[in-house]
Amino acid sequence: MKWIEVANSGPLKGSVRIPGSKNSSLALLAAACMADGEVRLKGIPNILDFRFIQEIAAGAGISMKREINGDVIINGGTITSADLNRERTSSYRASYYFIGALLSKMGRVSIGYPGGDNFVSRPIDQHVKALKAMGAEVSFMEDHYKVEASKLTGADIYFDMITSGATINAILLAALAEGTTVLRNAAKDPEVVDTANFINRMGGKVFGAGTDTIRIEGVKRLSGCEYNVIPDRLIAGAFLMAAGMTKGTVTVEDTIPEHLGSCISKLREIGMNIEVGENSITAYGESSLRATRVRTGMYPSFATDLQQPLTSLLLLSPGRSIITERVYPERFNHVPQLKRMGARIEVRRGSAFIQGGSQLKGNFVHASDVRAGTCLIMAGLVAEGTTRITGVEHIERGYENVIGLFRDLGAELTYREGEYGQTEQASDLMVGV
Ligand SMILES: CC(=O)N[C@H]1[C@@H](OP(=O)(O)OP(=O)(O)OC[C@H]2O[C@@H](n3ccc(=O)[nH]c3=O)[C@H](O)[C@@H]2O)O[C@H](CO)[C@@H](O)[C@@H]1O
Ligand SMILES: C=C(OP(=O)(O)O)C(=O)O
């Protein structure tokens with residue numbers, strides 16, 4: 001078994017360069033397969049999900065190679081099959097972008113059900129709604145589903161809730177469809193805008209991304225290009241919080257501060273001093289922290305993916321904080337793990353009630369998803385003794401080099417492999433997961 005060992009580390013200090021966004025990369029890599037020519041993507045992190053995508057692409061006859069300088073070169077013109085590797089497409093969440101990307105070209109796609117961080121049930125009804133509206137048929141089998149369309153036609157689609165995944169997928173579908181598609185109640189996330197910008201760079205016509213109404217004029221073909229993925233706002237936000245947690249000073253570089261508006265405001269509200277530069281943000285964590293109330297929501301509201309690191313931070317703010325999770329009201333798998341470290345948190349009806357101010361203690365804990373992993377690392381940095389975190393594969397879904405990034409700031413953490421604690425202790429960790 002592999003785990004991460006974290007020691008009480010003192011204040012984090014220094015700068016960290018923020019890698020490319022995982023969530024954007026997953027969309028761009030699939031979208032790149034739509035081009036007839038060669039696409040060069042810059043800044044794609046070398047995370048586990050990238051390697052799954054490479055395998056899926058290889059199985060479909062699409063070449064996707066990483067060069068020594070880190071650029072990823074994709075050639076969708078070589079595609080031979082739309083029967084995608086079921087096991088691999090079920091290894092991460094956003095494999096459904098391959099439907100949006102390949103359906104126009106191939107007329108059919110067969111794919112495994114979405115996997116990844118299954119912290120709660122994550123329906124795909126809005127993806128199906130968009131597919132059907134544009135003329136596709138969807139059939140569900142036991143271990144995969146199949147989408148067929150002899151032709152995709154533009155449609156007027158209203159999303160019943162704001163979803164970044166279905167918004168992106170519908171943009172991909174519509175880019176090569178016949179006629180005009182309008183997406184209403186669309187997600188405004190930076191990753192949606194990044195995907196739209198990329199499609200436009202390939203010769204597509206997407207208008208209004210970043211607002212709640214997006215119009216796409218279908219084009220006949222998309223061509224190769226070079227494109228830079230946006231920086232990962234979720235990794236950046238977590239490092240700002242880690243500065244507050246350890247009473248350190250951390251600068252996140254190569255970031256887009258505007259993508260972190262609600263996060264920066266909240267951190268200031270609880271007493272942190274945050275300085276915003278053109279492409280960087282510095283968090284000063286010396287001041288004492290205040291308790292707060294936060295509600296997560298879709299962009300530009302406070303991100304559900306920053307809820308877990310914020311929970312760790314609020315454990316250090318004396319008084320009672322409340323975090324209400326409105327995107328995934330049951331996304332609290334990290335709470336039983338934090339409680340194993342002495343955290344005082346109760347979860348009731350979609351809210352975590354956090355009593356801050358008590359000393360955390362290192363323990364054996366399990367990361368059930370990438371953000372839970374981040375929050376446990378952060379808790380480990382200030383806990384007495386050693387914290388041992390399993391579920392490393394979940395953390396590696398989101399971070400190319402989590403150990404290196406934290407170590408560069410002075411954190412003491414390391415990978416371990418071998419026999420992990422007492423057997424019954426390891427199985428106890430799964431409680432609440
Ligand atoms: C790969 C990726 O980009 N993952 C992110 C993406 O996930 P993902 O794209 O899966 O999340 P969505 O934005 O689609 O989900 C938003 C909300 O819509 C609901 N919904 C979504 C689709 C659907 O067909 N039906 C439906 O009910 C979801 O249950 C959720 O309550 O956005 C989430 C919300 O910001 C983040 O936590 C994930 O990190
Ligand atoms: C939930 C996440 O990822 P995914 O949607 O890929 O499971 C995440 O990045 O926090």
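These are my notebook entries on a predicted model with two ligands.

**Entry: the two domains**

I started with how the chain is divided. It falls into domain 1 (2-19 + 232-428) and domain 2 (22-228). Domain 1 is written in two stretches, with domain 2 numbered between them. I looked up the spacing next: the centres of domain 1 and domain 2, taken over C-alpha atoms, are 30 Å apart. For the contact of the two, I noted 21 residues from domain 1 and 16 residues from domain 2. On the domain 1 side, helix H13 (residues 392-398) gives the largest share, 5 residues. I also sorted that side of domain 1 by class, and found 7 nonpolar, 5 polar and 9 charged residues.

UniProt, in an unreviewed entry, puts the feature "domain: Enolpyruvate transferase" at residues 8-402. Over residues 8-402 I get 33% helix and 23% strand, and the C-alpha atoms at the ends are 17 Å apart.

**Entry: ligand 1**

Which residues come nearest to ligand 1? I found 21 residues around ligand 1, and the nearest are Asn23, Gln126, Thr163, Ser164 and Gly165. Three helices each supply at least two residues of this shell: helix H1 (22-32), helix H5 (125-133) and helix H6 (164-175). By class I noted 9 nonpolar, 7 polar and 5 charged residues in the shell around ligand 1.

**Entry: ligand 2**

I listed the residues around ligand 2 in chain order. They are Lys22, Asn23, Tyr92, Arg93, Ala94, Gly116, Asp117, Asp305, Asp369, Val370, Arg371 and Gly398. The elements giving two or more residues to this shell are H1 and helix H12 (370-382). By class the shell around ligand 2 divides into 3 nonpolar, 3 polar and 6 charged residues.

I asked the domain question again here. Both domain 1 and domain 2 give residues to the shell around ligand 2, so ligand 2 lies between them. I also wrote down that Asn23 is one of the residues nearest to ligand 1 and is in the list for ligand 2.

**Entry: H4 against H6**

Helix H4 (residues 97-106) and H6 have their axes 8 Å apart, at an angle of about 10°. That angle makes H4 roughly parallel to H6. From H4 the contact takes Tyr97, Ile99, Gly100, Ala101 and Leu103, and from H6 it takes Ile168, Asn169, Leu172 and Leu173.

**Entry: H8 against H10**

I then turned to another helix pair. Helix H8 (residues 233-246) packs on helix H10 (residues 307-314) at an angle of about 10°, and their axes are 9 Å apart. H8 is therefore roughly parallel to H10. Ala238, Met241, Gly244 and Met245 in H8 meet Pro309, Leu310, Ser312 and Leu313 in H10.

Most residues other than glycine have a negative phi, and most peptide bonds are trans. I looked for places that depart from this.

Which residues does a cis peptide bond join? Tyr299 and Pro300, with omega at about 10°. Pro300 sits in the loop between strand E17 (293-295) and H10.

What is the phi of Asn185? I found a positive phi of about 60°, although Asn185 is not a glycine. Asn185 is in the loop between strand E10 (180-184) and helix H7 (190-201).

Terms used. Residues are numbered from 1 along each chain as its sequence is written. Chains are lettered from A and ligands numbered from 1 in the order in which they are written. This is a predicted model: local features need pLDDT of at least 70, side-chain atom pairs count only at pLDDT 80 or more; totals for chains, interfaces and linings use all residues. A residue is near a molecule or strand if its C-beta atom, placed from the backbone, lies within 6 Å of it. Helices (H or I, at least four residues) and strands (E, at least two) are DSSP runs, numbered from the N terminus. Ala, Val, Leu, Ile, Met, Phe, Trp, Tyr, Cys and Pro count as nonpolar, Asp, Glu, Lys and Arg as charged, and the others, Gly among them, as polar. Axes are lines fitted to C-alpha atoms, for helices over the stretch in contact, and angles run from 0 to 180 degrees between N-to-C directions. Angles under 35 degrees count as roughly parallel, over 145 as roughly antiparallel, 65 to 115 as roughly perpendicular and the rest as oblique. Two residues are in contact if their C-beta atoms, placed from the backbone, lie within 7 Å. UniProt positions are given in the numbering used here, feature names are shortened, and annotations may be inferred rather than shown by experiment. Domain bounds come from an automatic or database domain assignment.
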